[in-house]
Amino acid sequence: MSATQPLVTMKGRKDGLVLVMDEACAYHDLVRELKIKLAANTNLYKDGPVISVKVEAGNRYISSDQRNQLKEIIHAFDHLKVEEIQSNVMTLEEIAKKKAQEKIVTIARIIRSGQVLEVEGNLLLIGDVNPGGVVSATGNIYILGALRGVASAGTANDGKDAVVVASIMMPTQLKIGRVISRNENGSDVEMKEKSLVECAYLDEQIGKIVIDQVHTALKKRNRSSAFEKL
Amino acid sequence: MGEAIVVTSGKGGVGKTTTSANIGTVLALQGKKVCLVDTDIGLRNLDVVMGLENRIIYDLVDVAHGRCKLNQALVKDKRFECLSMLPAAQTTDKTAVKPDEMKQMVDALKADFDYIIIDCPAGIERGFRNAVAGADHAIVVTTPEISSVRDADRIIGLLEQEKQITPPRLIINRIRQHLLKSGEMLEIDEIMNILAIDLLGIVLDDDGVISSSNKGEPIALNPSSKASLAYRNIGRRILGETVPLMVLEEKNGFFRRFKSLLGMR
């Protein structure tokens, strides 16, 4: 059977190369054939521009080790660049983790000085964060109340899309992903005046955290996607 | 069955002991049976403020270790028959008593007294845990300073975790009117916004507090002082009366304007 049906099928598309992998065969057979095929077929384009490669694994589960191995094999050819490795299968563990990241945790209390509130997913806090208090979430933080302490959003691996929204935004420190910003002008008189809901996000162009009204934050870089991943 | 109220603040020097002494005094003035408990073992002050230092024979640690009976350690006040005090030891430190021993003592006192006022030491360590162990209610004392408000916030957070204690109430102590007016001091509303607990009362800064403490006479005994009036109001609120907050603004009368012309406050 395997003689007639190739384990790795290469398809050329306008935007790059697609490698369709057989779902049923042994993984090491797959790796072997992938190496042979790549070696045999891609030398043609050696001098051309970098070709992006998409791997479609179908209903085969690919562990992160295997992912790295596949990338390594493909990247051994200088002009190939793996764009993504797709698989229809996820482990229960991964799915549970993903679900936890996406859920919204509602908590109604005041986070006082010295108290730390850490949640997995997005935090909806009904109450204030007082100076000296800390809230942190792997996703976004929404505060119906005053933020006077420290808020740390997007503490998961790649959290630079996360936002912090508060009815009254007077934080001592803000962290989004790996970027941190602090309130320099002490007690901000002018901030107290406008009691609008404000949103803090990471402006990647300047690499700094920006506080703005929600609608301006939405306009910037199509940020609705960050809000909507609930 | 009496109620035990702990007076605490987190930060030192905001007036916990003075507040405890005066609340105890005003409740005694109202005819309630009151026992003051000093839990600041090693740094006791309440006895000095009450002017009862020379009457101490046994103390709280002696009771906890079974060296005397609870009644033997109680010191009777010289002015009120219904006011007693359980002094702290001066020779050891806070670790000499465990929270559950403290709770037993307070529970025993509750049988004989209407109110037990527990004076808590500064800090959030063992001394604090001893003081709150037997309490049913809590009073948090703060001054209109940012550091003291921060510590009060921390303490409120800790008190909220103690399930047996009802939500704490706040006393703002040492309010200085002229600083308040010039905007150099935190406003009462600002403090209330951050701490978000019920306000039990406000006490104006009063030089008389210091001199009366030095004499061992709580200021509440002197009816002409403003601080005394504030403590009396606080006492009535503890007893469940509704008393409006003191008006801070003084009337801008002729005499006052005349004084301010001369540069007097």
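Helix 5 of chain B passes helix 6 of chain B in a right-handed crossing. The model described here is predicted. Helix 5 covers residues 99–112 of chain B, and helix 6 covers residues 126–133. Their axes lie 7 Å apart, at an angle of about 30°. Angles under 35 degrees count as roughly parallel, and helix 5 and helix 6 of chain B are therefore roughly parallel to each other. From helix 5 of chain B, the contact draws on B:P99, B:D100, B:M102 and B:K103. These residues meet B:R129, B:N130 and B:A133 in helix 6 of chain B. By class, this contact has 3 nonpolar, 1 polar and 3 charged residues.

Chain B also holds an open sheet of 8 strands. The strand order is 3-4-2-5-1-6-7-8, and the pairing is mixed. Strand 3 (75–76) and strand 8 (198–204) of chain B are the edge strands. Each of them pairs on one side only. Strand 3 of chain B pairs with strand 4 (residues 83–86) in the antiparallel sense, over 2 bridges. Here B:V75 has B:M85 in strand 4 of chain B as its bridge partner.

Helices lie across strands of chain B. Helix 1 (residues 16–29) of chain B lies across strand 1 (3–8), strand 2 (34–38), strand 4, strand 5 (115–119), strand 6 (137–142) and strand 7 (169–175). Helix 1 of chain B runs at about 170° to strand 5 of chain B. Helix 11 (residues 226–238) of chain B lies across strand 7 and strand 8 of that chain. The angle between helix 11 and strand 8 of chain B is about 160°.

The UniProt record, an unreviewed entry, lists residues 3–161 of chain B as "domain: AAA". Over residues 3–161, chain B is 42% helix and 18% strand. The end C-alpha atoms of this stretch are 19 Å apart.

In chain A, an open sheet of 5 strands has the order 6-8-10-12-13, with mixed pairing. Strand 6 (116–119) and strand 13 (179–182) of chain A stand at the edges. Each has a single partner strand, so one side of each is left without a neighbour in the sheet. From one strand to the next, the twist averages 10°. Strand 6 of chain A pairs with strand 8 (residues 134–137) of chain A in the parallel sense, over 4 bridges. Within this pair, A:V116 stands opposite A:V134.

The two chains touch. Their contact takes 9 residues from chain A and 7 residues from chain B. On the side of chain A that touches chain B, 2 residues are nonpolar, 5 polar and 2 charged.

How values were computed. Residues numbered from 1 in each chain as written. Chains lettered and ligands numbered in written order. Predicted model: local features only at pLDDT ≥ 70, side-chain atom pairs only at ≥ 80, totals over all residues. Contact = placed C-beta atoms within 7 Å. Nonpolar A, V, L, I, M, F, W, Y, C, P; charged D, E, K, R; others polar. Pairing = 2+ DSSP bridges. Axes fitted to C-alpha atoms, helices over the stretch in contact; angles between N-to-C directions. UniProt positions renumbered as here; feature names shortened; annotations may be inferred. Parallel < 35°, antiparallel > 145°, perpendicular 65-115°, else oblique. Left-handed = near helix turned anticlockwise from the far one by under 90°.
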